[in-house]
Structure formats: structure tokens, C-alpha cells
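Work through the exercises below with the model open. Try each task before reading its solution.

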Amino acid sequence: MNLSDSQTGGRVPVPRRVSAMEAVLAHLRAAVERGEYAVGDKLPSEAELCRTLEVSRPVLREALRALQTMGLTVSRTGKGTFVVANTVEDPTFGDYAASDLMEVRRHVEIPVAGYAALRRTPENLDRLTRVLERMERETDTTAWVAMDSLFHLAVAEAAQNPVFRRVIEEIRDALARQSEFLNELGGRREQSDREHRAIVEALADGSESDAVAAMSHHLDRVETTLTAIVRTGTAAGTATATGSGPATSAATASAAGDTAAAGAPGTGA
């Protein structure tokens, strides 16, 4: 099994273009961390932020959701968005903190992949292959995220233990939220597809060791990307922005600085 296609091998990574949502998020996060909006403050209205940052309301709302996932703000229905922290500590995906989710994933999904390599049926492999092929063709992020959590559930099913499946079912919503977060801010989709293919190939070969290695590598990359986002607001290696609004200009400079400081490339659930 070759995992090198999802590693950089020491090559300088090609900068990933920053989306409008990432630019807005970087701008708002920086404002909160600098104290322009103190803990307890209410952010300006959506209409005012859209006008000031020159972005559409859907783009702004995505950024506000990410800001809340990072634990910096909370949205109160009918009242607005309020700052609750000035530093990012541990993002929350649904009911679970990112650190708790990653701890469980390592203790469950890595051995599950090994069991799946030994116990999978032709039907299991067929289902995993079909899901993976759909993911590789999919261009819609929302649809891809849904299939990402389905893929991990299918691996658990291939282990032929209903308890494993139940555990993944329990965290499935959190997995989807984590996957969406990493894809919006870390550009993980293509790399994740390659990592998923390595997992399927190991299962098809019936190699427990390769399956364990492939899932371990996948979760390593997930954690690396998550850590980079928490530290800098975007995956390391991201320094090229799209758009021309105030937030985009600020995010371009911020991302370039963060990339230089991080000195390492960044990498769905």
C-alpha cells in the first residue's frame, strides 16, 4: 500500500485559493482576537457586516457558523451574535468537542479498519467502492460531506460487529460537521478521497496492517488540518485569496503571514 500520494514528500505545496467565506471568517476572527469585539459584545447586524465586508448574506452566514464552531461566538435567536471568547481553544462539532471526537475516532476507527480488512464481504467492498466513486465525482460540498460520513459508517459495517456500527452512528452528525468544517477551511476533499481509496484498497487486499496504517494516516491528516485551522484560522499553505472586498484583502495578508510562520503544509473527516 502506498500512502505517498497524500503526503507532500518535502515538496513545496501549491497555495490553495482562499474563498470569500474564509476571508470573512479570518477578518472577523482577527477582530475578535484583537479585542475589537470584546467578550460580551454583540457583533454588528448581518446587513451591516455584508455592507462593510462587501459579501453576500449566504457567505457571511457560513463564516458566522464557523466562528461559532470555533467557540468564539454564540448566536441567540432574535438577538444576534455575541462574542463569548477571544481565543480558539477547542472547536465543537454538534454535541462533541473536537479533541473528544478525535480521541474516540482513533480508539475506534483504527482497529475497526483492521477488523474490516479481515471480515469484509464482497457486498461490503462493493458498497464502499460505490460510495468512494461517487465521492470522487461529486462537486457539491454538502453532498460530499454526507457521503463522507456514510463511508466511515460503511467501514464500521464491514467489521461485522453491530456495536462498532452503533458507535459510528452516534457520532455521525459530528463527523459530518467536522468534515464540512475541514473542507470549508482546509480544502480537504481531494486529499481525503485519496486517503479513503487507500483504505478501500487495504480492505480489498484483506490486509489488516495496511488498513490500520491507512486509517491512522487519514486521521493524522484530519488532526493536522484541524490543528492548523485552530492555530491560524485556515490550513497552512493557504495564502491566495479570491475576491476584492475589505475582508479578502485583510485575509490575504493574514494567510500569507500564517503560512510563513507555520512552515508546513496543511491537509474531510
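Helices are DSSP runs of H or I with at least four residues, and strands are E runs of at least two, numbered from the N terminus. The expected span of a helix is 1.5 Å times one less than its number of residues. The model is predicted: local features need pLDDT of at least 70, side-chain atom pairs count only at pLDDT 80 or more, and totals for chains, interfaces and linings use all residues. Residues are numbered from 1 along each chain as its sequence is written, and side-chain values use heavy atoms, without hydrogens and water.

**Exercise 1.** Compare the reach of α9 with its expected span.

*Solution.* Take residues 189-205, which number 17. The first and last C-alpha atoms lie 24 Å apart, close to the expected 24 Å. Next, step past the end: G206 has a positive phi of about 70 degrees.

**Exercise 2.** Find which helices the buried residues of α9 pack against.

*Solution.* Buried means under 20% relative accessible area (1.4 Å probe, protein chains only). Among the buried residues of α9 are Q191, H196, I199 and L203. Contact means heavy atoms within 4.5 Å. The partners are α4 (98-119), α5 (122-137), α6 (141-158) and α10 (208-232).

Note on methods. Buried < 20%, exposed > 50% of the residue type's maximum accessible area, 1.4 Å probe, protein only.
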